[in-house]
Amino acid sequence: AAAEEFDIPRTYRHWEELVADPSIDAVLIGTWPYLHCPITLAALESGKHVLTEARMAMNANEAHRMLEASRKHPELVCQIVPSPFGLRAHRVVGQLLRSGFLGELREVVVLGTSDALADHDVPLEWRQVGGLSGLNMLTMGIVYETLSRWVPDVVRVTAQGHAFVPDRLDPNTGVRSRVGTPDSLQIFTVHEGGARGLYHFSGVTRFGPGTQIHLYGSKGTLKYEMLPHDRLMGAQRGEDALREIPVPQEHEMQWRVEEEFIDAIRGKGRVELTDFESGVRYMEFTEAVARSISSGKPISLPLELGEVSEGA
């Protein structure tokens, strides 16, 4: 249907036919996460560059398999569609952190709330089906990816999750089915260097704070309100209140993912956001959260490779 609408001359009945076509140089994987790993592995084996939609994979095991395959083909470009949150002020945040604006990072607060799932009559969607989305939950992965660009890695995770609406109408079957992911999620973290993190993700929060990242340090604070605004706030010791920090136009990052991917293939640049190594880190975080919810215990990161395989 898409090919007909946009007058695309060549189509395939199955993704395997596309991957096997020797005239194709690069593959963009726009499927749900359950196909990201198998298509990536097949595309790399066929000598094709890969750009895959986020989240990277179903779990950490698949993410590691994708990373290992990419390392066997260093001549091929591998990229994940990055989180769009925080793009506009990404460079300014980085400059402030490198300049010591915060001092010693002490606390991290991450918020990702909406009321998209608050009503019982909202139908089941693919993100709530474990067989399609894997261990990914709410907006946790996409916001954590943004956070991980700015702060040290997480070394310990403790989490709890709950589905306030445990079953929803599946539009494909017409039957109410049990949801496979939480609609409310709380996480505590310890980061390298000792900073502590507090995270709240929810799809059932009415009039919530939206999507925000707060970084609290010994000398100052940065507060990035990404939704519903795209506004960076900050202040240092001695100031009276948070102030908006301007983002000069020449420092704003724009969405140029597809252009960046093609430039990297042509040798005109490199992938800045997001490579497979970054994807593995956020998928390990995702799996650690899932394991902590299941076990009720803290989970250490990075995961041991044996642990990754067992948890897949």
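Mentor: Helices (H or I, at least four residues) and strands (E, at least two) are DSSP runs, numbered from the N terminus, and on that basis the protein has 10 helices and 14 strands. The model is predicted, so that local features need pLDDT of at least 70 and side-chain atom pairs count only at pLDDT 80 or more, whereas totals for chains, interfaces and linings use all residues. Residues are numbered from 1 along each chain as its sequence is written, and side-chain values use heavy atoms, with hydrogens and water left out.

Of the 312 residues, 46% are buried, meaning under 20% relative accessible area with a 1.4 Å probe, protein chains only. A nonpolar core joins buried Ala, Val, Leu, Ile, Met, Phe, Trp, Tyr and Cys residues through side-chain atoms within 4.5 Å; the largest one here has 63 residues, and M56, I187 and F285 have the most contacts inside it. Helix α9, spanning residues 276-295, gives the most to this core, with 8 residues.

Taking F285 by itself and leaving aside its neighbours within four places in sequence, we find contacts (heavy atoms within 4.5 Å) with M140, Y144, V154, V157, I187, T189, Y199 and L301.

Across the whole protein, among contacts with a separation of 6 or more, 68% are between residues 24 or more positions apart. The C-alpha atoms, taken along the principal axes, fill a box of roughly 65 × 50 × 45 Å.

Definitions and conventions:
Buried means under 20% relative accessible area, exposed over 50%, partly exposed in between (1.4 Å probe, protein chains only).
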